[in-house]
Amino acid sequence: MNLNDKLKKQSSANKVSILTMCYHCGNKLPLENKAHYENFVVNYHDEDERHSDFWSSTFWFLLMCPTCGDASLYRESFESWDDCYDGGYNIDKKILFPLCSSSFIKVPRDIKNAFEAALKVVNIHNNICLLSLRMVLEKVCNNKKAKGSNLKEMIEDLARKNILPDTLKDCSTFIRILGNEGAHGGEDISLYDVKEIIGFVESILHYLYELPYQIDKLNKKYKKL
């Protein structure tokens, strides 16, 4: 059995169903494996193709929820920089659609976890998602040591300190108000609009945590600042 065959055996490729959670309807049950696609890549550094510099194998699965009928895209990745026959390999399993995780690198773990919790309920309950996004904003304010007895005052404090520019202050205020309404069962917000609010939160997190990291990384490389 070659390496690719071994990985196929390790993956979920041959399973009729994959036990996970449907983030469309919130039910945890076996999602039916309707189709899958696999891509195998290996770079050899010898002529007899016995040793590799790098190899990877990625499986994509189209899953269907038997309860709501919606589709999810699930991925399993195996990769290693070690010898492909003798070394170990890393495994990454992730639901790509519907979106329920983020790719942030420098966002503090508790804030990232709170944001991903909001993503996991966006298709299940709009108000709970809005309330979760408000919680993300509170964690950001605490992380940035904002002063104030409530979220409104803390947002204004960050704006006064120029930590939040005016546009992101307005985004934060909007998130706070809709989060309050979500907590008290206020006006119904469409799924489309909730996803717009998620985009607002992503912009805030990117500006405060990711952008400084990306600028610093490039400056260390090119030394322009």
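Which residues in H3 meet which residues in H6? In this predicted model, the H3 side of the contact is made up of Asn 126, Cys 129, Leu 130, Leu 133, Val 136, Leu 137, Val 140 and Asn 143. Facing them in H6 are Leu 191, Val 194, Ile 197, Ile 198, Val 201, Ile 204, Leu 205, Leu 208 and Tyr 209. Sorted by class, the contact of H3 with H6 comes out at 15 nonpolar and 2 polar residues, with no charged ones.

As for how the pair is arranged, the axes of H3 (residues 126–143) and H6 (residues 191–222) come within 10 Å and cross at roughly 15°. Since the cut-off is an angle under 35 degrees, H3 therefore counts as roughly parallel to H6. The crossing of H3 past H6 is left-handed.

H3 itself runs for 18 residues and spans 26 Å from first C-alpha to last, close to the 26 Å expected at 1.5 Å a residue. Its buried residues are Asn 127, Cys 129, Leu 130, Ser 132, Leu 133, Arg 134, Val 136, Leu 137, Val 140 and Cys 141. Just after H3, Lys 145 adopts a positive phi of about 55°.

Over on the other helix, Ile 197 sits in H6 and has a relative accessible area of 3%, so this residue is buried. Setting aside residues up to four places away in sequence, Ile 197 touches Leu 130, Leu 133, Phe 174, Ile 175 and Leu 178.

Technical notes:
Residues numbered from 1 in each chain as written. Predicted model: local features only at pLDDT ≥ 70, side-chain atom pairs only at ≥ 80, totals over all residues. Heavy atoms only, no water. Axes fitted to C-alpha atoms, helices over the stretch in contact; angles between N-to-C directions. Helix = DSSP H or I, 4+ residues; strand = E, 2+ residues; numbered from the N terminus. Parallel < 35°, antiparallel > 145°, perpendicular 65-115°, else oblique. Left-handed = near helix turned anticlockwise from the far one by under 90°. Contact = heavy atoms within 4.5 Å. Nonpolar A, V, L, I, M, F, W, Y, C, P; charged D, E, K, R; others polar. Expected span 1.5 Å × (residues − 1). Buried < 20%, exposed > 50% of the residue type's maximum accessible area, 1.4 Å probe, protein only.
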